[in-house]
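Keep the 3D view open as you read.

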Amino acid sequence: ALTHISMTKAIAEAEISLQEWPVDIIPEGAATSIDDVIGKISMAEIYPGEPISTMRLADPDVTSENVAFTMEEDKVIFALPPDDLMSNIDILKPGDVVDILFSFKPEQEVKATPGAQPDGEGPVALGDPLFTTDALQGQRITAIVVEAPQTVTEEAGQRVTQPAAPKPQAILLALTPQDALILKYFRDGQGMMDIVLRHRNNDALFEVEAVNYDYIKDKYGLPSDETLPLP
């Protein structure tokens, strides 16, 4: 190292140089090529004159093992359970851009109607309060934590252990603290989640409108006096 190299920042070529050292004092794991170091992220502070160990470097494309060192400092990592179909068909990869959709039904028995109430009674149910919305848009998957199960079979009278298809355990997202709270709200409210996949180069915000029964009624021309029964 030619200068002090801080954690979590990609190492630049100007910060390092290749030097000859006596073989018997080179520490184990020391990098021997400039290309092995440039662009990597250090998981510890490195000081001028210190040899750089490859065991203390992380790839900037983030894995679940080094995510605390490679994530942006103003983000938090949210572990999203893979409850939806998209998360379980081996399509999603780290670096993919996704939107997170939720269908959500607030816990309430009736929906209040503005204005006068019939016979002085309480609120009148207007129908199903279920709505569906694009809760978070343009989120890049930080990492996917998978379980590597094994299957045991018998071949020629012997038990043989073979690796099975990886099973996702969690999808890691680097979110702003506010977006993390939004996601937790929908999950704590027992919202029904689905992930949709975007083109990898598209992280723009779409203009979408939350969908509820009134939206469906207007779009498909359903009778205006019909309502849905509450559960």
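Asp96 is buried in this predicted model, its relative accessible area being 7%. With the cut-off for buried set at under 20%, that value is why Asp96 falls in this class. Its salt-bridge partner is Arg200, with the closest N and O atoms 2.8 Å apart. The two come from distant parts of the chain, 104 residues apart: Asp96 sits in the loop between E3 and E4, Arg200 in the loop between E9 and strand E10 (211-212). Arg200 itself is partly exposed, at 39%.

Now look for another pair. Arg187 and Asp83 join their side chains in a salt bridge of 3.1 Å, N to O. Here helix H2 supplies Arg187, while Asp83 lies in the loop between E3 and E4. Asp83 is exposed at 54% relative accessibility, and Arg187 is partly exposed at 25%. Asp90 and Lys93 form a salt bridge too, at 3.3 Å between the closest N and O atoms. In total, seven salt bridges are counted.

The largest nonpolar core has 19 residues, and Leu80, Ile100, Leu173, Leu183 and Ile195 touch the most other members. Among the elements giving two or more residues to this core are helix H2 (177-188), strand E3 (76-80) and strand E4 (97-104). A second, separate core has eight residues, including Ala1, Ile11, Ile16 and Ile52. In soluble globular proteins, nonpolar side chains tend to be buried together.

Methods. Residues numbered from 1 in each chain as written. Predicted model: local features only at pLDDT ≥ 70, side-chain atom pairs only at ≥ 80, totals over all residues. Heavy atoms only, no water. Core = buried A, V, L, I, M, F, W, Y, C linked by side-chain atoms within 4.5 Å. Buried < 20%, exposed > 50% of the residue type's maximum accessible area, 1.4 Å probe, protein only. Helix = DSSP H or I, 4+ residues; strand = E, 2+ residues; numbered from the N terminus. Salt bridge = Lys/Arg side-chain N within 4 Å of Asp/Glu carboxyl O.
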